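Q: Here is a structure I would like to understand label by label. Please show me the values behind each term as we go.

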Amino acid sequence: MKIECCGLTATQTKQLIDKEYSDTVETLADADMVAARKVKNGEADYYLGSCMTGGGGSLATAIMVLGYGNCLVVSKQGKCPNEKEIRHMVYSGNHKAFGYVKSHTEQVVPALVKALVDKTEGKPE
């Protein structure tokens with residue numbers, strides 16, 4: 001699985017994923033537009049983008065390239081979901097891009113990637 005790490009915490013996101021999932025996930029850190037195009041062309045599987053609001057900035061680029069239906073706002077200002085809620089979000093759709101608030105990176109990214117890996121491997125919700 002290849003994940004593009006984008007937005008304000010791209011480096012931190014990449015480090016978090018590499019620390020826990022280096023054996024199952026390849027991380028890339030490209031600019032938002034490049035990353036979204038790679039996902040669209042099948043060169044990467046998922047796009048994780050952080051910004052100040054969770055639904056603007058980085059995710060807006062993915063929405064433009066991949067379409068709104070392929071993108072999901074995981075966290076918003078004032079609302080950081082727990083691991084169970086994130087897992088449910090991942091399993092309830094076939095989204096390719098995920099946006100979250102930069103200050104939620106350490107809570108959201110590990111839960112999000114775990115859910116993506118488990119879903120890809122066919123594990124139940």
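A: Leu48 lies in strand E3, where strands are DSSP runs of E with at least two residues, helices are runs of H or I with at least four, and both are numbered from the N terminus. The model is predicted, and local features need pLDDT of at least 70, side-chain atom pairs count only at pLDDT 80 or more, and totals for chains, interfaces and linings use all residues. Residues are numbered from 1 along each chain as its sequence is written, and side-chain values use heavy atoms, with hydrogens and water left out.

Q: Why is Leu48 called buried?
A: Buried means under 20% relative accessible area, exposed means over 50%, and partly exposed is in between, with a 1.4 Å probe and protein chains only. Leu48 has a relative accessible area of 0%, so the residue is buried.

Q: Which residues does Leu48 touch, beyond those up to four places away in sequence?
A: A contact means heavy atoms within 4.5 Å. By that rule Leu48 touches Ile3, Glu4, Cys5, Cys6, Thr13, Ile17, Phe98, Tyr100, Leu112, Val113 and Leu116. As for a residue at another place in the chain, Ala29 is 19 residues from Leu48 in sequence and 9.8 Å away in space, C-alpha to C-alpha.

Q: What makes a set of residues a nonpolar core?
A: The members must be buried Ala, Val, Leu, Ile, Met, Phe, Trp, Tyr or Cys residues, joined through side-chain atoms within 4.5 Å. The largest such core here has 23 residues, and those with the most contacts inside it are Ile3, Ile17, Leu48, Val74, Phe98, Leu112 and Val113. Two or more residues each come from strand E1 (2–7), helix H1 (10–21), strand E3 (46–51), helix H4 (83–91), strand E5 (97–101) and helix H5 (105–120). H5 gives the most, with eight residues. Another core, of 13 residues, lies apart from this one and includes Cys6, Ala36, Val39 and Cys71. As a general matter, nonpolar side chains in soluble globular proteins tend to be buried together.

Q: How do you know that Val113 counts as buried?
A: Val113 is found in helix H5. Its relative accessibility is 1%, and therefore Val113 falls in the buried class. Neighbours within four places aside, Val113 is in contact with Ile3, Ile17, Tyr21, Val25 and Leu48. Lys76 is 37 residues from Val113 along the chain, and their C-alpha atoms are separated by 18 Å.

Q: Why does Val65 count as buried?
A: Val65 lies in helix H3 (residues 57–66). Its relative accessibility is 14%, so Val65 also gets the buried label. Setting aside residues up to four places away in sequence, Val65 touches Met33, Ala36, Arg37 and Lys40.

Q: Is Arg87 buried or exposed?
A: Arg87 is found in helix H4. With a relative accessible area of 16%, Arg87 is therefore buried. Among residues beyond four places in sequence, Arg87 touches Lys114, Ala115, Asp118, Pro124 and Glu125.

Q: How do you know that the radius of gyration agrees with a compact globule?
A: The radius is taken over C-alpha atoms, and the globule rule is 2.2 Å times the number of residues to the power 0.38. For 125 residues a compact globule would have a value near 14 Å, and the protein has 13 Å, which agrees. Along the principal axes, the C-alpha atoms fill a box of roughly 35 × 30 × 25 Å. Of the 125 residues, 46% count as buried.

Q: What is the order of elements from the N terminus on?
A: The elements run β-α-β-α-β-α-β-α-β-α, with five helices and five strands. Among contacts between residues at least 6 apart in sequence, 75% join residues at least 24 apart.
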